Every structure is written in C-alpha cells, then in structure tokens.
Amino acid sequence: METYWDLIQAKVCRKCMDGDGRGNCRLPRTESCGLKESLPEVVRIARETQSGTYEDFVNALRAQVCSRCRYQLDDGTCPLRTTLECALDRYSLLVLDVIDGTQASTFSRAS
Ligand code: SF4
Ligand code: SF4
C-alpha cells in the first residue's frame, strides 16, 4: 500500500516549483520542506476537519502547524507564506485533495 508520502510525491512534488518535475525535491540540503516535516499532523488535521470546509482545514493548519513553526512571527504572519515559499501553504488544497482521495468512501468535505 502506498504511503501518504508516496502519494504526495506523485501528486504534489511533481508539480512543486522546488521539484524536478518527476517527484524529486531540489531544495538545498540546508532547507527542509514544511509539508514533509509536518505530514503526520497534516493528515490528522485533514481527518479531524473532514466534515468541514477547506477554510476549516487551513485555519486548523495555521493554528496547529504554523503556530509551532520556526518561521512564523509573533504577530502570526509568516515571511515564507507571504512570498509563496512554503510548499505546505502553497499546495494545501492539492494536499487536501490527495488525503481526501484516500478516504473517498467515508469522506464528505463540505464546499
Ligand atoms: S519542497 Fe516539499 S513539496 Fe516541493 S518537491 Fe520538495 S519535498 Fe516536495
Ligand atoms: S506557512 Fe510559514 S509558518 Fe506555516 S508551515 Fe509554512 S513556513 Fe511554517
């Protein structure tokens, strides 16, 4: 069975501006991907907000992932989010589609 990360690599990394178009990451070794680092939390949040909307998912990400991220500033803003440099934020809708797709039979996200 494919892992969530296998699916993310196939569906998100292939389209990511920091990838090589084949699912491989080209970020420098000194940088890490926020999506990869927090994937277990992202999957949990997607499940917990399954009866809600995309906005509920994003709000929960901000509250539970961004709030603990080293890049978020005290005022709640994030320079990486502002400049579209965070893959988790940039592809959050696509990520949610991937996770929802694995649970299609039980999942019913409101629009
Ligand atoms: S930055 Fe993250 S989402 Fe983008 S290719 Fe690298 S691992 Fe995948
Ligand atoms: S948007 Fe900013 S604070 Fe949130 S995970 Fe990405 S880098 Fe961290």
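Author: In this scheme Ala, Val, Leu, Ile, Met, Phe, Trp, Tyr, Cys and Pro count as nonpolar, Asp, Glu, Lys and Arg as charged, and the others, Gly among them, as polar. The model before us is predicted. In the second largest pocket, the lining comprises nine nonpolar, five polar and four charged residues.

Reader: What is the volume of the second largest pocket, and which residues are closest to its centre?

Author: The second largest pocket has a volume of about 260 Å³. It is lined by 18 residues, and those closest to its centre are Trp5, Cys25, Leu27, Cys33 and Lys36. Helix H1 (4-13) and H2 are the elements that each give two or more residues to this lining. H1 gives the most, with four residues.

Reader: Which ligand sits in the second largest pocket, and which residues surround ligand 1?

Author: The second largest pocket holds ligand 1. Around ligand 1 are Trp5, Cys13, Cys16, Asp18, Gly19, Cys25, Leu27, Cys33 and Ala87. By class, this shell has seven nonpolar residues, one polar and one charged.

Reader: How is the largest pocket to be described in terms of volume and lining?

Author: For the largest pocket the volume is about 600 Å³. Its lining has 29 residues, of which Gly34, Cys69, Tyr71, Leu80 and Cys86 are the closest to the centre. Two or more lining residues come from each of helix H2 (34-37), helix H4 (54-64), helix H5 (79-82) and helix H6 (87-90). Sorted by class, the lining of the largest pocket contains 14 nonpolar, four polar and eleven charged residues.

Reader: Where does ligand 2 sit, and what surrounds ligand 2?

Author: Ligand 2 sits in the largest pocket. Its surroundings consist of Cys66, Cys69, Tyr71, Gln72, Cys78, Leu80, Arg81, Cys86 and Asp89. Six of these shell residues are nonpolar, one is polar and two are charged.

Reader: What is the mean pLDDT of the chain, and where is confidence lowest and highest?

Author: pLDDT expresses the predictor's confidence in each residue, from 0 to 100. For the chain the mean is 91, and 92% of the residues reach 70 or more. Confidence is lowest in helix H7 (residues 92-102), at a mean of 92, and highest in H4, at 97. H4 is also one of the helices that give two or more residues to the lining of the largest pocket.

How values were computed: Residues are numbered from 1 along each chain as its sequence is written. Chains are lettered from A and ligands numbered from 1 in the order in which they are written. This is a predicted model: local features need pLDDT of at least 70, side-chain atom pairs count only at pLDDT 80 or more; totals for chains, interfaces and linings use all residues. Side-chain values use heavy atoms; hydrogens and water are left out. A residue is near a molecule or strand if one of its heavy atoms lies within 4 Å of it. On a 1 Å grid over the protein atoms alone, a cavity is a set of points where a 1.4 Å probe fits but cannot get out, and a pocket is an open set with protein on both sides within 12 Å along at least five of seven lines; lining residues have an atom within 4 Å of a point. A molecule sits in a cavity or pocket if more than half of its atoms lie within 2 Å of its grid points. Grid points are joined across faces, edges and corners, and a volume is the space filled by probe spheres set on the points.
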